[in-house]
Amino acid sequence: MMAKGGNSLQAVLNRAKADGDAAPAPALAVEPVDVTRKAPPSGRQGTKLIGGHFPPEVSTQLRIIAAEEGTTVQSLLGEALDDLFVKKGRGRIAG
């Protein structure tokens, strides 16, 4: 037995079972999906994400240094990349 206001699909399946028929395939409602991308936050426009996988201790150390120096992990990573670029003869560009 179905409760009042029950599922209409279940009602169709129950009726088909009682009649001994195979249940008809329910019509699927297809709604369009908005696939447009949201604009990145204004501070990220014109930038690219650079990432890597490191041991958890690396993340912990970065967060500790950032907290001690009153800066952000992103700023520390920019500083480290600038140091790498200088070391490799590329100049400072990470900003």
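Modeller: Let us begin with Arg 92, which is exposed, with a relative accessible area of 55%. Please keep in mind that this is a predicted model.

Colleague: Why is Arg 92 called exposed?

Modeller: The word exposed requires a relative accessible area over 50%. Arg 92 has 55%, so the term applies.

Colleague: What makes Asp 83 partly exposed?

Modeller: The relative accessible area of Asp 83 is 40%. Buried means under 20% and exposed means over 50%, with partly exposed in between. The value of 40% lies between these cut-offs, and therefore Asp 83 is called partly exposed.

Colleague: Why is the contact of Arg 92 with Asp 83 called a salt bridge?

Modeller: The closest N and O atoms of Arg 92 and Asp 83 are 3.4 Å apart. A salt bridge needs a side-chain nitrogen of Lys or Arg within 4 Å of a carboxyl oxygen of Asp or Glu. The structure holds one salt bridge.

Colleague: What makes the nonpolar surface patch, and where does Ile 50 lie?

Modeller: Ile 50, Leu 81 and Leu 84 make this patch, of about 270 Å². Ile 50 lies in the loop between α1 (8–19) and α2 (56–69). A residue in a patch must have over 30% relative accessible area. Ile 50 has 68%, so it passes that cut-off and is also called exposed.

Colleague: Which elements does the protein chain contain?

Modeller: The chain has three helices and zero strands, and from the N terminus its elements run α-α-α.

Colleague: How do α2 and α3 stand against the expected span?

Modeller: Helix α2, with 14 residues, reaches 20 Å from its first C-alpha to its last, close to the expected 20 Å. Gly 70 follows α2 and has a positive phi, near 65°. Helix α3 (residues 73–87), with 15 residues, reaches 21 Å, close to the expected 21 Å.

Colleague: Which residues of α3 are buried, and how do you know that they line one face?

Modeller: The buried residues of α3 are Leu 76, Gly 78 and Asp 82. Seen down the axis of α3, they fall within an arc of 160°, so they line one face of the helix. The face turned away from this buried side carries the exposed residues Gln 74 and Lys 87.

Colleague: What is the predictor's confidence in the chain?

Modeller: The mean pLDDT is 83, and 84% of the residues reach 70 or more. Among the elements, α1 has the lowest mean pLDDT (80) and α2 the highest (97).

Note on methods:
Residues are numbered from 1 along each chain as its sequence is written. Side-chain values use heavy atoms; hydrogens and water are left out. Buried means under 20% relative accessible area, exposed over 50%, partly exposed in between (1.4 Å probe, protein chains only). Patches are made of residues with over 30% relative accessible area and no salt bridge: like charges are joined within 9 Å, nonpolar side chains (Val, Leu, Ile, Met, Phe, Trp, Tyr) within 5 Å. Accessible areas come from the Shrake-Rupley method with a 1.4 Å probe; for residues, only the protein chains shown count as cover. Helices (H or I, at least four residues) and strands (E, at least two) are DSSP runs, numbered from the N terminus. pLDDT is the predictor's confidence in each residue, from 0 to 100. The expected span of a helix is 1.5 Å times one less than its number of residues. The arc is that of the directions from the helix axis to the C-beta atoms.
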